[in-house]
Amino acid sequence: MNQCLMDEKKKIVIWGASNRAHRFMMDYCISEEKVAFLVDRKKGVQDEGFVYMVGKEKKKVYSPHVLDELSVEDYIWVITVGQPEDIVEELKSKGGG
């Protein structure tokens, strides 16, 4: 999986700005540059931003409403929340496979 993601020209969007997002990035050696932004339903997380490594720039965390403003198919979507079924359906409804 790691090599496929790194070869892919599309940026990654991570749904769920939590420790699982950190774990995903560490486990698969995903660089911060490869991640476009994150999506999370929690307003506090959106306001706070996401920092993968200490001293690095914060990544923007958007609400799910960002789906209304972009093409889902332009990104690789990684869902790091425990029960992803609703999110998968939401992405499919916005044009993602």
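Two strands are counted as paired when DSSP finds at least two bridges between them, and a strand itself is a DSSP run of at least two E residues. The views below show a predicted model.

**View A. Overall plan of the predicted model.** The protein contains four helices and four strands. Along the sequence, these elements follow the pattern α-β-α-β-α-β-β-α. Of the 97 residues in the protein, 39% are buried. Among contacts between residues at least 6 apart in sequence, 58% join residues at least 24 apart.

View B. Four strands form an open sheet in the order S3-S2-S1-S4, with parallel pairing. Strand S3 (61–62) and S4 stand at the edges; each has a single partner strand, so one side of each is left without a neighbour in the sheet. As a general rule, the strands of a sheet pair through backbone hydrogen bonds, in either a parallel or an antiparallel manner.

**View C. Strand S1 and its two partner strands.** S1 and S2 run parallel and are joined by four bridges. Within this pairing, Val-13 has Phe-37 of S2 as its bridge partner, and Ile-14 stands opposite Leu-38 in S2. S1 also pairs with S4 in the parallel sense, over five bridges. Here, the bridge partner of Trp-15 is Ile-79 in S4. S1 is mostly covered, since four of its five residues are buried, which means that each of these four has under 20% relative accessible area.

**View D. The largest nonpolar core.** This core has 15 residues, and those with the most contacts inside it are Ile-14, Met-25, Leu-38 and Phe-50. Strand S1 (11–15), helix H2 (19–27), strand S2 (35–39) and strand S4 (75–79) each supply at least two of the core residues. The largest share, three residues, comes from H2. A second, separate core has ten residues, including Val-13, Trp-15, Ile-87 and Leu-91. In soluble globular proteins, nonpolar side chains tend to be buried together.

**View E. The surroundings of Phe-50.** Phe-50 is one of the residues with the most contacts inside the largest nonpolar core. Setting aside residues up to four places away in sequence, Phe-50 touches Ala-17, Ser-18, Ala-21, His-22, Met-25, Leu-38, Glu-57, Lys-58, Lys-59 and Val-61. Two of these residues, Met-25 and Leu-38, are themselves among those with the most contacts inside that core.

**View F. The largest pocket and its lining.** The largest pocket holds about 230 Å³ of space. It is lined by 17 residues, of which Ala-17, Ser-18, Asp-40, Lys-42 and Val-45 are the closest to its centre. By class, the lining consists of eight nonpolar, four polar and five charged residues. Ala-17 and Ser-18 are also in contact with Phe-50.

**View G. A buried glutamate in a loop.** Glu-32 lies in the loop between H2 and S2. The relative accessibility of Glu-32 is 10%, and because buried means under 20%, the residue counts as buried. Apart from residues up to four places away in sequence, Glu-32 touches Met-25, Tyr-52, Met-53, Lys-56, Glu-57 and Lys-59. Of these, Met-25, Glu-57 and Lys-59 are also touched by Phe-50.

View H. Asn-19 is found in helix H2. With a relative accessibility of 65%, Asn-19 counts as exposed, because the cut-off for this class is over 50%. The C-alpha atoms of Asn-19 and Thr-80 are 8.9 Å apart, although 61 residues separate the two along the chain. Arg-20 also belongs to helix H2. Arg-20 has a relative accessible area of 47% and is therefore partly exposed. Not counting residues up to four places away in sequence, Arg-20 touches Thr-80, Val-81 and Gly-82. Between the C-alpha atoms of Arg-20 and Gly-82 the separation is 9.2 Å, and these two residues lie 62 residues apart along the chain.

**View I. Ser-93 in helix H4.** Ser-93 lies in helix H4, which spans residues 85–93. At 56% relative accessibility, Ser-93 counts as exposed. The C-alpha atoms of Ser-93 and Leu-67 are separated by 9.9 Å, while the two residues are 26 residues apart along the chain.

Note on methods: Residues are numbered from 1 along each chain as its sequence is written. This is a predicted model: local features need pLDDT of at least 70, side-chain atom pairs count only at pLDDT 80 or more; totals for chains, interfaces and linings use all residues. Side-chain values use heavy atoms; hydrogens and water are left out. On a 1 Å grid over the protein atoms alone, a cavity is a set of points where a 1.4 Å probe fits but cannot get out, and a pocket is an open set with protein on both sides within 12 Å along at least five of seven lines; lining residues have an atom within 4 Å of a point. Grid points are joined across faces, edges and corners, and a volume is the space filled by probe spheres set on the points. Ala, Val, Leu, Ile, Met, Phe, Trp, Tyr, Cys and Pro count as nonpolar, Asp, Glu, Lys and Arg as charged, and the others, Gly among them, as polar. A nonpolar core is a set of buried Ala, Val, Leu, Ile, Met, Phe, Trp, Tyr and Cys residues joined through side-chain atoms within 4.5 Å. Buried means under 20% relative accessible area, exposed over 50%, partly exposed in between (1.4 Å probe, protein chains only). Contact means heavy atoms within 4.5 Å.
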